Amino acid sequence: MQILNQLETEPIPIEEEEKRHTRRLLIGLVCALILTGIVLGGYLLLVKRHERQLAAAVEAENQKKAPKVEVFVDDTLIDGKKATLGGTLHNISKETLQGLAVELQLRRRVGGGVETRVVVPEIRELAPDGTTRYRVEVAVQDYISSTFLRVVTGDNRAAVPFKALPGAERPPMDTPVSKTVIVNRPTPKGEEFINTPNNPGRVP
């Protein structure tokens with residue numbers, strides 16, 4: 001009875017309770033939005049970081065594959081029984097290349113077998129924008145063709161990316177000296193005719 005009298009004299013503050021409930025909902029919604037923003041921001045940061053790492057890896061791979069040497073391959077010079085194979089190396093990278101060498105692929109005239117010949121250039125330590133020549137002589141009777149294979153560096157002969165270009169052309173061959181040949185015909189005795197009444201000839 002006392003409780004009923006108390007309820008009548010002190011009514012439940014419904015409006016205040018609704019305000020508290022609305023306030024809690026708003027606080028929860030704000031917290032959820034903040035948490036969602038933090039998660040989304042972290043995800044975007046991870047995506048951007050992954051993209052930067054991927055771009056850096058692609059750039060490093062492209063730099064590895066980018067040519068470091070220009071190779072100007074000269075035409076083969078043949079002098080008698082010897083053939084001279086040569087060309088020029090040009091360092092187009094920004095680093096000094098050490099222990100340089102070139103590999104040529106020679107095809108044998110007999111049997112058609114293939115042989116790899118390592119040729120050391122005049123300068124093995126090539127600074128940026130530096131150039132050097134390579135040259136080797138082979139016997140014409142032993143080989144039928146040659147192909148520039150690759151550029152290597154160091155004792156382990158690691159391959160160096162290169163770009164092959166035409167080099168010096170073969171000089172033109174000397175024009176043979178023309179000779180005049182004089183053919184002496186026998187002097188005819190008197191007047192001779194190939195076709196006479198006594199010696200008729202058949203006209204085709």
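Student: How many helices and how many strands does the chain have? After that, please look closely at strand β1: which strands does β1 pair with, and how are they oriented?

Tutor: The model is predicted, so some limits apply: local features need pLDDT of at least 70, side-chain atom pairs count only at pLDDT 80 or more, and totals for chains, interfaces and linings use all residues. Residues are numbered from 1 along each chain as its sequence is written, and side-chain values use heavy atoms, with hydrogens and water left out.

The chain has two helices and nine strands. Helices (H or I, at least four residues) and strands (E, at least two) are DSSP runs, numbered from the N terminus. In sequence order the pattern is α-α-β-β-β-β-β-β-β-β-β. Of the 204 residues in the chain, 18% are buried, where buried means under 20% relative accessible area, exposed means over 50%, and partly exposed lies in between (1.4 Å probe, protein chains only). Among contacts with a separation of 6 or more, 66% are between residues 24 or more positions apart; a contact is a pair of heavy atoms within 4.5 Å.

Now to β1, which covers residues 69–73. Two strands pair if DSSP finds at least two bridges between them. Strand β1 is joined to β3 by five bridges, and these two run antiparallel. Five bridges also join β1 to β9 (residues 162–166), but this pair runs parallel. On the β3 side, Phe72 has Thr88 as its bridge partner. On the β9 side, Glu70 is bridged to Lys163.

The side chains of Glu70 and Lys163 also meet, in a salt bridge with an N to O distance of 3.7 Å. This pair links distant parts of the chain, with Glu70 in β1 and Lys163 in β9, 93 residues apart. A salt bridge here is a side-chain nitrogen of Lys or Arg within 4 Å of a carboxyl oxygen of Asp or Glu.

Arg133 lies in strand β6 and Asp74 in the loop between β1 and β2 (77–79), so the pair ties together parts 59 residues apart in sequence. Asp74 counts as buried at 16% relative accessibility, and Arg133 as partly exposed at 34%.

Thr84 sits in β3 (residues 82–91) and is buried at 16% relative accessibility. Leaving aside neighbours within four places in sequence, Thr84 is in contact with Asp75, Thr76, Leu77, Arg135, Val136 and Glu137. Thr132 belongs to β6 (residues 131–139) and is buried as well, with a relative accessible area of 4%. With residues up to four places away in sequence not counted, Thr132 touches Gly87, Thr88, Leu89, Pro121, Glu122, Ile123 and Leu126. That list includes Thr88, the bridge partner of Phe72. Thr132 and Asn91 are 41 residues apart in sequence and 9.0 Å apart in space, C-alpha to C-alpha.

For contrast, consider a sheet elsewhere in the chain. This open sheet of four strands has the order β5-β4-β7-β8, with antiparallel pairing. Strands β5 (114–119) and β8 (158–160) stand at the edges with a single partner strand each, so one side of each has no neighbour in the sheet. Three bridges join β7 (residues 143–153) to β8, and Val152 stands opposite Ala159 in β8.

A salt bridge occurs here too: Glu103 and Arg157 have their closest N and O atoms 2.4 Å apart. Glu103 lies in β4 (residues 100–108) and Arg157 in the loop between β7 and β8, so the pair ties together parts 54 residues apart in sequence. Salt bridges with shared partners join Glu103, Arg150 and Arg157 into one network. Glu103 is buried at 3% relative accessibility, while Arg157 is partly exposed at 37%. Most residues other than glycine have a negative phi. Arg157, which is not a glycine, has a positive phi of about 55°.
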